[in-house]
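Have the sequence and the 3D view ready before you read on.

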Amino acid sequence: MLLVCIAVLAFVPVSSLPRGANPKQANLYKGSQFQCADGSQSFPMEYVNDDYCDCQDGSDEPGTSACPNGSFFCINKQFKGQYISSSRVDDGICDCCDGSDEVSGHCVNNCKELGAHIAEEAKKIRREQAIGFQTRLGYVADGKAAKARRDQDIAVFAAEHEKLKQELDERKAYKEQVEGPAKEAKEAAKVEQEKIEAEKKAAEKEKTKAAAELELGRIDKDTDGVISPDELLEYGKSEDAILPYDDVTFLVEGGEIETATLVDMIQTQLLSRKTEKERVEAEEKKKEEKRAKKPKLRDIVPTPPAPVEDDEEDLWGEDGKKIEKQPVDDFDDDFYEDMDDEEDEEEDDSVAPVRNTVSYDPETQKLIDVFEEAETLYNEAKNRHDGVKRQLDDVKKLNNIDFGAEEEFFVLKGQCFEKRDEQYTYKLCPFDRSDQDGTNIGRWDSWELGADGVNHYNVMMYNKGNSCWQGPQRSTRVEVICGQENQIISASEPAKCEYAYVFATPAACTKVQDETEIHDEL
Ligand code: MAN
């Protein structure tokens, strides 16, 4: 570019250029004829800068304000060339640093100072860029090493996962194979148990019937075989009456007293008392078991511990026989003993509440044990399998993130950066999320491609944040620039719930351009 300028200037010296013309367009002003820049008209060279606008594009009047759309070029040697509107020419205000827009001597030429300042600024930027680039080299090395590790991890986890999946499938198949027989045996045992229970219940009912008939004899004081209202009321008043007084009055008020109804009601009372008694006993037993499980002082101090197991045996015999601990208040326990001591003992056994842990016959228990062991083995394999699967998925997920052409942005993953403005604290956790005072204003989505359709790794998009009231889901666009430090330079909200950050990072620092290119730019 510099060479082109030099070549052009070699033919048309700057001094011979019309005022306000750009030296790069020197060829327009050569010879005796002038052609407008847009090629629309030609006329003698004297028409240029004659303070009359001839060209529609204003190119014939670069140094006067005759054309409303004319542009005046300030050469600004030692600084930067610049166009200003022709209307600002000779208006008494110095617009060009070389003062060329005003009559000679009106302005001070301060282009050199400005140039020096710009050069200093450019130098600072280059220095920062150079330091950033050095840091970037480290980032690249770290990022590439991490990528290699991830690739290796994926290979290891995938192989391990494959192995564990096979083991899991085998154990699952085995579990399913032994599950059926165990279930069936359990079901059969349950049916059997229910049958036994039903038989026990029937026997119990028979027994209460006998007891109820005995009670009937107590009510029928005059033993005439008929229960009179007086006899019933009298009975109801006695403290040990099985029928509650309310039931007695209900029967008396109902008119004729049916013996069968009476027997039925006494039976119901006896059964419900018995059920209640069993419930209380079962509860008591549970409590006792709990107490036995807790470490007791005697288990800690070196004295021979009283066998807890024995305590339990006291409550429940091997055969499930209940050992009375505490009689239930309301229940007349002696009642059954009065009837038939021996039978009572047996009967009492028969109605003992079903133990918490159902005991099965050895065959069934064996099938259950086999299944339970298969289930434990399956669960263990599943935990191992799921753990490795999770690890594998996590690494794969990480590997799917684009950390830059040379993995240079990887080091930013896992870090967060904050920026406070007058109202909010903005936070950026690269490749993760963007927050505003803890509100999700976007989750990592992707790099935004440039207008050329190429990823220049200079814009990150964080989308699908919290919804805005009557607005879109919040999103953050992050412009990534080179900087010595990782930091959010600015955070703003250019449109409602659409946020914009400028984020500086050494990862975005490219190699410093060489000196000649920088000079050429100036
Ligand atoms: C909050 C902030 C703002 C946003 C409004 C929209 O006040 O998240 O940035 O503009 O909600 O209602």
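## A buried cysteine and its partner

Cysteine 429 counts as buried because its relative accessibility is 2%. Here "buried" means under 20% relative accessible area, "exposed" means over 50%, and "partly exposed" is in between (1.4 Å probe, protein chains only). Before going further: this is a predicted model, in which local features need pLDDT of at least 70 and side-chain atom pairs count only at pLDDT 80 or more, while totals for chains, interfaces and linings use all residues. Residues are numbered from 1 along each chain as its sequence is written, and side-chain values use heavy atoms, with hydrogens and water left out.

So who is the partner? A disulfide joins cysteine 429 to cysteine 416, with an S to S distance of 2.1 Å; a disulfide is called when a pair of cysteine sulfur atoms lies within 2.5 Å. The two cysteines are 13 residues apart and link distant parts of the chain: cysteine 416 is in the loop between helix H10 (362-399) and strand E5 (417-420), and cysteine 429 is in strand E6 (residues 425-429). Those labels come from DSSP runs, numbered from the N terminus: helices (H or I) have at least four residues and strands (E) at least two.

## More disulfides

A quick reminder: a disulfide is a covalent bond between the sulfur atoms of two cysteines. How many disulfides does the structure hold? There are eight.

One of them pairs cysteine 97 with cysteine 111, whose sulfur atoms sit 2.0 Å apart. Cysteine 97 is in the loop between strand E4 (82-85) and helix H2 (111-219), while cysteine 111 is in helix H2, so the bond ties together parts that are 14 residues apart in sequence. With a torsion of about 100 degrees about the S-S bond, this disulfide is right-handed. Cysteine 97 is buried at 9% relative accessibility, and cysteine 111 is buried at 0%.

Cysteine 468 and cysteine 497 make another pair, with sulfur atoms 1.8 Å apart. This pair links distant parts of the chain, 29 residues apart: cysteine 468 is in the loop between strand E9 (459-463) and strand E10 (475-482), and cysteine 497 is in the loop between strand E11 (487-495) and strand E12 (498-505). Both cysteines are buried. Their S-S torsion is about 55 degrees, so this one is right-handed.

## Around the ligand

Which residues surround the ligand? They are Tyr424, Gln436, Cys468, Arg474, Glu493, Lys496, Cys497 and Tyr499, where being near means that a heavy atom of the residue lies within 4 Å.

Now look at the oxygen atoms of the ligand. A polar side-chain atom of glutamine 436 is 2.7 Å from a ligand oxygen, an N or O atom in the side chain of glutamate 493 is 2.6 Å from one, and for tyrosine 499 the distance is 2.7 Å. On its own, the ligand has 310 Å² of accessible area, and the protein covers 68% of that.

## Two positive phi angles

Most residues other than glycine have a negative phi, and most peptide bonds are trans. Threonine 223 has a positive phi of about 45 degrees although it isn't a glycine. You'll find threonine 223 in the loop between H2 and helix H3 (229-237), where it is exposed at 66% relative accessibility.

Phenylalanine 431 also has a positive phi, near 65 degrees. Its place is the loop between E6 and strand E7 (433-436). Is phenylalanine 431 buried or exposed? Phenylalanine 431 is buried, with a relative accessible area of 3%.

## A spot in helix H10

Finish at isoleucine 368, which lies in helix H10 and is buried, with a relative accessible area of 4%. Isoleucine 368 and glutamate 179 are 189 residues apart in sequence, yet their C-alpha atoms are 8.2 Å apart in space. Leaving out residues up to four places away in sequence, isoleucine 368 touches Ala182, Lys186 and Tyr360, with contact meaning heavy atoms within 4.5 Å.

Note on methods:
Polar contact = N/O pair within 3.5 Å; in protein donor to acceptor, adjacent residues only side chain to side chain. Areas by Shrake-Rupley, 256 points an atom, 1.4 Å probe, with all protein chains shown as cover.
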